Amino acid sequence: MAGIALNAPEGGPARRRTFRSLAEPWTYLSPTLVLIALFMLVPLVVGIGFAFQNVQILNPFKRGFVGLAHFEAIWQDRIFWRALGNTLWWTFASLFLQFFLGLGLALLLWREFKGKKLVQAIVFLPWAVPSFLSGLTFAWLFNPVVGPLPHWLHALGLLAAPDNILGDPALAMWGPITANVWWGIPFFAITILAALQSIPNEMYEAAAIDGAGTWARFRHVTIAYLIPTVAITILLRTIWIANFGDLIVVMTGGGPAGQTQILPSYIFTIAFRKLDFGYASALSMVLLGLLFLYAILILEMRKRLRSAF
Amino acid sequence: MVVAGASPFARRFGTVFHRLALALYVLAALFPLYWLIKIAVTPTDLLFGEGIRLWPSRATLDNFGEVLGATDFPWYFANSVIVSFGTAIGVTLAASLSGYALSRFTFRAKAPVLFFLLLTQIFPLVMLIAPIYRLMTPLGLVDSLTGLILVYTAYNAPFATFLMQSFFEGIPKELEEAAMIDGCTRFQSLRRVILPLTLPGMGATLGFVFTAAWSELLFALMLISSETKMTFPVGLLTFVSKFSVDWGQMTAAAVLALIPACLFFALIQRYLVQGLTAGAVKG
């Protein structure tokens with residue numbers, strides 16, 4: 001997101017370190033940090049503990065330390081591997097479409113025109129729609145009884161018959177992806193538009209004086225300014241989309257035939273339908289580890305990209 | 001964008017393309033919502049009798065009346081309003097303080113704190129629900145709106161902190177330095193000089209968090225069990241499975257769920273872009 005300085009500057013000239021000056025930032029940070037510690041960190045530690053135990057609500061006698069058994073089971077769990085593949089496809093397709101459509105929208109809004117305020121409010125509106133509701137809405141749009149989409153896709157020759165794609169194993173994933181893209185475009189558009197508007201005009205003037213053509217100005221000014229924001233936005237969104245099972249749970253429940261099962265919806269099923277918290281926690285740890293690796297990778301790439309432009 | 005030197009033809013073409021592309025975005029943004037409203041106002045006999053039509057030949061508000069009068073729907077609505085406002089206010093206060101600290105103080109642990117806040121965004125929430133349920137049970141926070149508000153506040157605080165930090169970066173440090181030279185303590189200068197200037201930013205954060213809390217489904221689903229304490233998403237989901245044949249009531253409930261979030265968002269979306277712009281988006 002905007003303005004996250006991951007590398008804090010070194011603290012200026014040496015100052016007298018009184019207790020007061022040391023404690024001051026922590027006083028301001030404390031409400032946030034205490035809340036996070038209580039409701040995220042402690043549960044996380046407990047959750048990690050669950051990953052090495054049998055915690056089955058329906059089977060309270062079968063409790064106890066099981067070591068790495070859950071992780072061995074994951075290694076052999078075919079549903080896990082398919083859910084991992086589905087997660088990659090779901091995340092990549094949603095992110096790709098959200099980003100490019102969001103970038104397009106930001107570029108369109110990056111100039112003054114009559115009625116801009118109204119248009120902007122309308123095109124950002126999908127973001128205000130509660131995400132699970134956007135899932136329900138699209139599930140209804142894809143339903144041939146009350147929704148128009150199957151009929152239109154059939155008329156266009158894209159579907160052999162006006163059936164619900166959510167019931168077709170080969171196509172079902174497009175349902176949640178469509179809902180996710182519709183809902184997520186404004187987020188990218190808002191962030192990119194803010195970044196575009198923060199580019200000082202002098203940068204373009206200076207570049208023009210230096211003899212830079214349109215393309216050179218776009219590359220060295222616009223893109224150079226956009227990259228830090230875009231990289232951090234993409235990082236946050238990827239993690240968020242990969243962790244986001246609501247749309248799947250609401251629209252398909254992972255079906256048909258497991259074709260839309262992604263890791264979060266699979267974890268949800270294991271935890272709250274099968275009530276096996278141990279296995280669910282182990283699965284969550286795998287997901288957490290993968291996302292962590294990804295975050296490190298992107299932050300590293302971001303550093304390199306910044307020096308490249 | 002700069003189109004200096006473009007021929008009138010190119011410029012005209014640019015304008016036409018610009019209008020057309022924007023029109024497509026507007027249409028795509030509105031169509032699903034329009035269809036939702038359309039199903040909600042179509043009388044049941046026409047919904048199945050007329051096939052797929054853009055506009056029903058007769059419209060009715062009966063579905064809305066039934067949802068409001070004969071179901072638990074008003075409860076869900078009230079609960080969601082309480083939880084969303086409680087969360088939004090709590091997060092905005094906490095994130096204003098922490099965002100201020102991160103934008104104004106230089107201290108050794110600043111980079112680790114930022115990294116930690118970023119790290120919290122990775123935690124798979126499904127993993128935390130069971131432990132939270134466990135930890136909250138002895139505190140009496142399970143099946144309570146207060147418990148839900150506390151959890152939501154913790155979960156939205158990191159991102160809101162980034163947002164507020166970026167808003168504070170846009171306000172010159174000289175302003176509070178001047179106030180402090182005039183004898184204000186740091187907190188007084190924050191309260192009297194800086195916060196009033198950050199009001200748009202706080203408004204944006206408030207709205208952002210309100211919409212997020214209004215939509216949250218998983219935690220509410222797991223932590224709330226009494227029918228009268230359900231928030232909107234949970235209520236609506238149980239509603240959908242209970243009345244799965246009644247398209248009219250289902251969509252009417254969905255439309256009602258949309259209204260507060262959309263109204264709130266319409267009020268603040270301008271500040272969101274403005275605030276992010278002012279906040280020196282520099283990464």
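Predicted model: local features only at pLDDT ≥ 70, side-chain atom pairs only at ≥ 80, totals over all residues.

I started in chain B, where B:Asp143 sits in the loop between α6 (125–136) and α7 (145–169); helices here are DSSP runs of H or I with at least four residues, strands are E runs of at least two, and both are numbered from the N terminus. Phi of B:Asp143 is near 55 degrees, a positive value in a residue other than glycine. I looked up its cover too: B:Asp143 has 14% relative accessibility and counts as buried, since buried means under 20% relative accessible area, exposed over 50% and partly exposed in between, with a 1.4 Å probe and protein chains only.

A:Ala257 also has a positive phi near 55 degrees without being glycine. I find A:Ala257 in the loop between α10 (246–251) and α11 (263–273) of chain A. A:Ala257 is exposed, at 61% relative accessibility.

**Ground rules**

Residues are numbered from 1 along each chain as its sequence is written, chains are lettered from A and ligands numbered from 1 in the order in which they are written, and side-chain values use heavy atoms, with hydrogens and water left out.

**Where A meets B**

I checked contacts (heavy atoms within 4.5 Å) and got 101 residues of chain B against 103 residues of chain A. The two chains bury about 9,300 Å² between them, 81% of it on carbon and sulfur atoms; buried area is the accessible area (1.4 Å probe) that two parts lose on being put together, summed over both.

How many salt bridges cross the interface of chain B and chain A? The rule (a side-chain nitrogen of Lys or Arg within 4 Å of a carboxyl oxygen of Asp or Glu) finds one. That bridge pairs the side chains of A:Glu24 and B:Arg186, at 3.5 Å from N to O.

**Salt bridges elsewhere**

Another is A:Glu112 with A:Lys116, closest N and O atoms 3.6 Å apart. A:Glu112 is exposed at 68% relative accessibility, whereas A:Lys116 is buried at 11%.

B:Glu176 and B:Arg104 also form one, at 2.7 Å from N to O. This pair links distant parts of the chain, 72 residues apart: B:Glu176 is in helix α8 (residues 173–181) and B:Arg104 in helix α4 of chain B. Both B:Glu176 and B:Arg104 are buried.

B:Ser103 lies in helix α4 (residues 73–104) of chain B and is buried, with a relative accessible area of 4%. Leaving aside neighbours within four places in sequence, I see B:Ser103 in contact with B:Gln165, B:Phe168, B:Glu169 and B:Lys173.

**A:Phe96**

I ended on A:Phe96, which is found in helix α3 of chain A. A:Phe96 is partly exposed, at 42% relative accessibility.
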